[in-house]
Amino acid sequence: MPKPKKIAAFTPYYTEEQADQVRAAFVNAGRPEEGDASVSDFIVRASMREAKRLQRKYNGGKPWPPVKAGELRRGQRTIDEMQHRNEET
């Protein structure tokens, strides 16, 4: 039996409205129709779909070299970053 993959954890920060919509999408369409057992499964699947889209667009469809935990800035976005972010695309 293969060894299970280690689970790495990090926390995305959502506004209340964003979190409400993520939960609503999961409850109304994410299970069981889409195969998500939990809202975490739903978020991982959506994040990986976006990561693969960006790989196709910017990296010839190949995975990037891994970025290890601790190499990224931590914490929530600044107010300025939130004002300039397009979350609708």
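The chain contains 3 helices and 0 strands, where helices (DSSP runs of H or I, at least four residues) and strands (runs of E, at least two) are numbered from the N terminus. The model is predicted, so that local features need pLDDT of at least 70 and side-chain atom pairs count only at pLDDT 80 or more, whereas totals for chains, interfaces and linings use all residues. Residues are numbered from 1 along each chain as its sequence is written, and side-chain values use heavy atoms, with hydrogens and water left out. Read along the sequence, the elements follow the pattern α-α-α. Of the 89 residues of the chain, 9% count as buried; buried denotes under 20% relative accessible area, exposed over 50%, and partly exposed in between (1.4 Å probe, protein chains only). Contacts are defined by heavy atoms within 4.5 Å. Among contacts in the chain with a separation of 6 or more, 22% are accounted for by residues 24 or more positions apart.

Two packed helices are described by the angle between their axes and the distance between the axes. For helix α1 (residues 16–30) and α2, the axes come within 10 Å and cross at roughly 100°. Axes are lines fitted to C-alpha atoms, for helices over the stretch in contact, with angles running from 0 to 180 degrees between N-to-C directions. The two helices α1 and α2 are therefore roughly perpendicular to each other, a class that covers 65 to 115 degrees, while angles under 35 degrees count as roughly parallel, over 145 as roughly antiparallel and the rest as oblique. On the α1 side, the contact is formed by V22, A25, F26 and G30, which meet V39, F42 and I43 of α2. The residues of this contact divide into 6 nonpolar, 1 polar and no charged. In this classification, Ala, Val, Leu, Ile, Met, Phe, Trp, Tyr, Cys and Pro are nonpolar, Asp, Glu, Lys and Arg are charged, and the others, Gly among them, are polar.

The loop between α1 and α2 contains D36, which is buried at a relative accessible area of 5%. Not counting residues up to four places away in sequence, D36 touches F26, G30, R31, D41, F42 and R45. With R45, the side chain of D36 makes a side-chain polar contact of 2.7 Å. A polar contact is a pair of N or O atoms within 3.5 Å; within protein, one must be able to donate a hydrogen and the other to accept it, and residues adjacent in sequence count only if both atoms are side-chain atoms.

Helix α2 has 20 residues and reaches 28 Å from its first C-alpha to its last, close to the 28 Å expected at 1.5 Å a residue; the expected span is 1.5 Å times one less than the number of residues. After α2 comes G60, whose phi is positive, near 60°. Within helix α2 (residues 39–58) lies Q55, which counts as buried at 15% relative accessibility. Leaving aside neighbours within four places in sequence, Q55 is in contact with G60, G61, K62, P63 and W64. L54 also lies in α2 but is partly exposed, with a relative accessible area of 26%. With the same exclusion of residues up to four places away, L54 touches N59 and W64.

W64 itself is located in the loop between α2 and α3 (79–83) and counts as partly exposed at 40% relative accessibility. Beyond neighbours within four places in sequence, W64 is in contact with A51, L54, Q55, Y58 and N59. The C-alpha atoms of W64 and A51, 13 residues apart along the chain, are separated by 9.8 Å.
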